[in-house]
Amino acid sequence: MSTSTDGRSDLNESQYSDITSGSTIDLLTISAVDRYGASDEDQDVVGGENKNSYHISSDGGAPNGGQNKMINARRRWKLLAKALRHDSSEDDQFVKFNLIEFDRAYDEKDENIYVYRLADRYRLKIRLIGERPWTASELIGFNNTGNICVWPSEEALAYYILSRLDIFENSNVLELGGGMTCLAGLVLAKYGSPAFVHVTDGNELSMENVRKSLALNKFNCTIKTSVLKWETISNDQNANHPERSRYQFILSADCLFFDESRSHLIETIWICLANEGVALVTAPRRGQTLSHFLNECVARGFYYDLLHCYDPSIWKKHLELVKTDGYDEDVHYPVLVKLYRKDYELGQV
């Protein structure tokens with residue numbers, strides 16, 4: 001599959017037809033296996049010889065077999081194909097943690113506006129892109145799966161932030177790969193007291209939608225939206241880049257599964273994170289994907305914490321879901337990674 005210079009795939013009419021036909025779900029799965037790292041063996045980055053002074057983990061984790069990874073890769077790509085066919089079904093969506101309740105905002109004329117309720121205290125109006133004639137270029141390519149629905153990692157990151165709002169006081173915060181909602185950044189901007197929140201994604205459609213959500217809420221700080229492509233930042237050698245070392249916190253949810261963009265994400269975090277800053281990244285282990293990410297982070301110079309049990313409510317929900325069919329910890333449970341540029345005492349955030 002060829003890719004254009006802006007990170008989106010160029011598909012001709014025949015390829016589009018192939019992708020949207022049910023018979024080619026297996027072809028999408030082959031691509032998904034490559035992207036999601038579905039293998040029978042997992043190199044656990046916190047176990048054995050890989051453990052070193054850069055790595056701190058709350059537990060070692062337990063990878064599942066390659067068969068489960070294949071099934072879940074197929075399920076995620078099937079969701080993309082169904083969106084291309086303008087078809088949707090709750091049965092095909094991934095398990096969510098249901099930490100966030102939402103209903104249609106009936107006081108709004110736009111049927112795609114919802115009221116999100118978090119932790120029985122917090123309310124946020126969010127516009128979802130909703131039912132529309134998706135194009136292949138909008139969904140196949142640079143992490144555009146976040147344009148379809150909110151994934152568990154986004155739920156977990158938003159919930160984690162709400163339980164620790166005080167640590168963000170008077171800080172500059174950047175969200176990377178926020179998708180159609182930028183949920184974590186918007187929640188923080190509305191209920192925390194940061195000085196500045198900058199929510200970004202590489203997709204113009206996502207940012208257009210987020211700007212509509214901004215107009216629906218009142219925020220406690222200056223909040224800005226931008227289309228930000230990681231390769232543009234990472235390839236910019238200008239030492240005076242306006243985003244360089246600007247942010248005390250960087251947020252990112254479920255942005256690790258595309259191998260080709262991993263190094264650009266890491267370099268963007270390195271460039272934009274303040275010397276004493278912390279990047280908070282939530283993502284499932286997803287085969288070897290998380291291990292590869294952490295190894296590249298160490299090679300770049302980062303230190304990190306890797307936390308499995310980082311919030312009581314999220315952990316409780318995880319233990320409930322483990323007992324249910326269709327839940328795969330390797331694919332569905334987001335661990336929390338804290339990245340630091342300096343080797344000061346970790347675990348403070």
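Is cysteine 221 buried or exposed? Cysteine 221 is buried, because its relative accessible area is 15%, under the 20% cut-off.

This is a predicted model. The protein chain has 349 residues, and 56% of them count as buried. Its secondary structure comes to 12 helices and 11 strands. Among contacts with a separation of 6 or more, 77% join residues 24 or more positions apart.

**Cysteines**

- Cysteine 221 has a relative accessible area of 15% and is buried.
- Cysteine 309 is partly exposed, because its relative accessible area of 46% falls between the cut-offs of 20% and 50%.
- A disulfide is a covalent bond between the sulfur atoms of two cysteines.
- The disulfide count for this model comes to 0.

**Helices α5 and α6**

- Two packed helices are described by the angle between their axes and the distance between the axes.
- Helix α5 covers residues 152-162, and helix α6 covers residues 183-191.
- Their axes lie 8 Å apart, at an angle of about 20°.
- The two helices are therefore roughly parallel to each other, since angles under 35 degrees count that way.
- The crossing of α5 and α6 is right-handed.
- On the α5 side, the contact is made by Glu154, Leu157, Ala158, Ile161 and Leu162.
- On the α6 side, the contact is made by Leu183, Ala184, Val187, Leu188 and Tyr191.
- The residues of this contact divide into 9 nonpolar, no polar and 1 charged.
- An α-helix has 3.6 residues a turn, so residues three or four places apart point the same way.
- Helix α6 is mostly covered, with 8 of its 9 residues buried.
- Those buried residues are Leu183, Ala184, Gly185, Leu186, Val187, Leu188, Ala189 and Lys190.

**Helices α9 and α10**

- Helix α9 spans residues 262-272, and helix α10 spans residues 289-300.
- The axes of α9 and α10 come within 10 Å and cross at roughly 45°.
- The crossing of α9 and α10 is right-handed.
- From α9, the contact involves Arg262, Ser263, Leu265, Ile266, Glu267 and Trp270.
- From α10, the contact involves Thr289, His292, Phe293, Glu296, Cys297 and Arg300.
- The residues of the α9 and α10 contact divide into 5 nonpolar, 3 polar and 4 charged.

**Positive phi in loops**

- Asparagine 170 is not a glycine, but its phi is positive, at about 60°.
- Asparagine 170 sits in the loop between α5 and β5, where β5 covers residues 172-176.
- Asparagine 170 counts as exposed, because its relative accessibility of 61% is over 50%.
- Serine 245 is not a glycine either, and has a positive phi of about 55°.
- Serine 245 is in the loop between α8 (230-234) and β8 (247-253).
- Serine 245 is partly exposed, with a relative accessible area of 32%.

**Phenylalanine 257**

- Phenylalanine 257 lies in the loop between β8 and α9.
- Phenylalanine 257 is buried, because its relative accessible area of 1% is under 20%.
- Phenylalanine 257 and glutamine 288 are 31 residues apart in sequence.
- In space, their C-alpha atoms are 9.8 Å apart.

**Leucine 339**

- Leucine 339 is found in strand β11, which runs over residues 335-340.
- Leucine 339 counts as buried, at 0% relative accessibility.
- Leucine 339 and glycine 277 are 62 residues apart along the chain, and their C-alpha atoms are separated by 8.4 Å.
- Beyond its neighbours within four places in sequence, leucine 339 is in contact with Ile269, Leu273, Gly277, Val278, Ala279, Phe293, Cys297, Phe302, Tyr303 and Tyr304.
- Phe293 and Cys297 are among these partners of leucine 339, and both also belong to the α10 side of the contact with α9.

Notes
Residues are numbered from 1 along each chain as its sequence is written. This is a predicted model: local features need pLDDT of at least 70, side-chain atom pairs count only at pLDDT 80 or more; totals for chains, interfaces and linings use all residues. Side-chain values use heavy atoms; hydrogens and water are left out. Axes are lines fitted to C-alpha atoms, for helices over the stretch in contact, and angles run from 0 to 180 degrees between N-to-C directions. Helices (H or I, at least four residues) and strands (E, at least two) are DSSP runs, numbered from the N terminus. Angles under 35 degrees count as roughly parallel, over 145 as roughly antiparallel, 65 to 115 as roughly perpendicular and the rest as oblique. A crossing is left-handed if the near helix is turned anticlockwise from the far one by less than a right angle, and right-handed if clockwise. Contact means heavy atoms within 4.5 Å. Ala, Val, Leu, Ile, Met, Phe, Trp, Tyr, Cys and Pro count as nonpolar, Asp, Glu, Lys and Arg as charged, and the others, Gly among them, as polar. A disulfide is a pair of cysteine sulfur atoms within 2.5 Å. Buried means under 20% relative accessible area, exposed over 50%, partly exposed in between (1.4 Å probe, protein chains only).
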